[in-house]
Amino acid sequence: MLRHEFQPGKLVAGVFLIVAGTVYAGDAGGLWDTPWFVMIPLVVGGLCLAGAVGVLAKGIRRRRGRDRSLSGETQQEAPV
C-alpha cells in the first residue's frame, strides 16, 4: 500500500460533512425537525475550519522540513 501524508484539513471537512448529512437524514426520516438555516452555517463553518486547519498543518509541515534540512538529515520524497 502506498503511504501518503496525513491531511487534517480533509479529516475536519469530512467530519463536518458527515455531521451535516446525519442532521439532514434525521430530518428527512422524521426523527427530528431541523430548521433550514442550520445546514448553511454547519457546512460553511466546517469548510472554513478545515481550511484553517489545512493552512496551519501546511505551515507546521513546512517549518519542520526546514528544521530537518538545517540539521543535516536527508529527506526522502515518495515516488510519484
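In the predicted model, Trp 36 is found in the loop that lies between helices H1 and H2. Phe 37 is placed in this loop as well, between helix H1 (8-28) and helix H2 (39-70). Across the sequence, Trp 36 and Tyr 24 are separated by twelve residues, and their C-alpha atoms are 9.6 Å apart in space.

One aromatic pair is present in the structure. It is formed by Trp 36 and Phe 37, whose ring centres are 5.8 Å apart and whose planes stand at 85 degrees, so the arrangement is edge-to-face. The assignment follows because centres within 6.5 Å count as a pair and planes over 60 degrees apart count as edge-to-face.

The accessibility of the two partners was then considered. Trp 36 has a relative accessible area of 68% and is therefore classed as exposed, since the exposed class begins over 50%. For Phe 37 the corresponding value is 48%, so this residue counts as partly exposed.

Terms used:
Residues are numbered from 1 along each chain as its sequence is written. This is a predicted model: local features need pLDDT of at least 70, side-chain atom pairs count only at pLDDT 80 or more; totals for chains, interfaces and linings use all residues. Side-chain values use heavy atoms; hydrogens and water are left out. Rings of Phe, Tyr and Trp (its six-membered ring) pair if their centres lie within 6.5 Å; planes under 30 degrees apart count as stacked, over 60 as edge-to-face and the rest as tilted. Buried means under 20% relative accessible area, exposed over 50%, partly exposed in between (1.4 Å probe, protein chains only). Helices (H or I, at least four residues) and strands (E, at least two) are DSSP runs, numbered from the N terminus.
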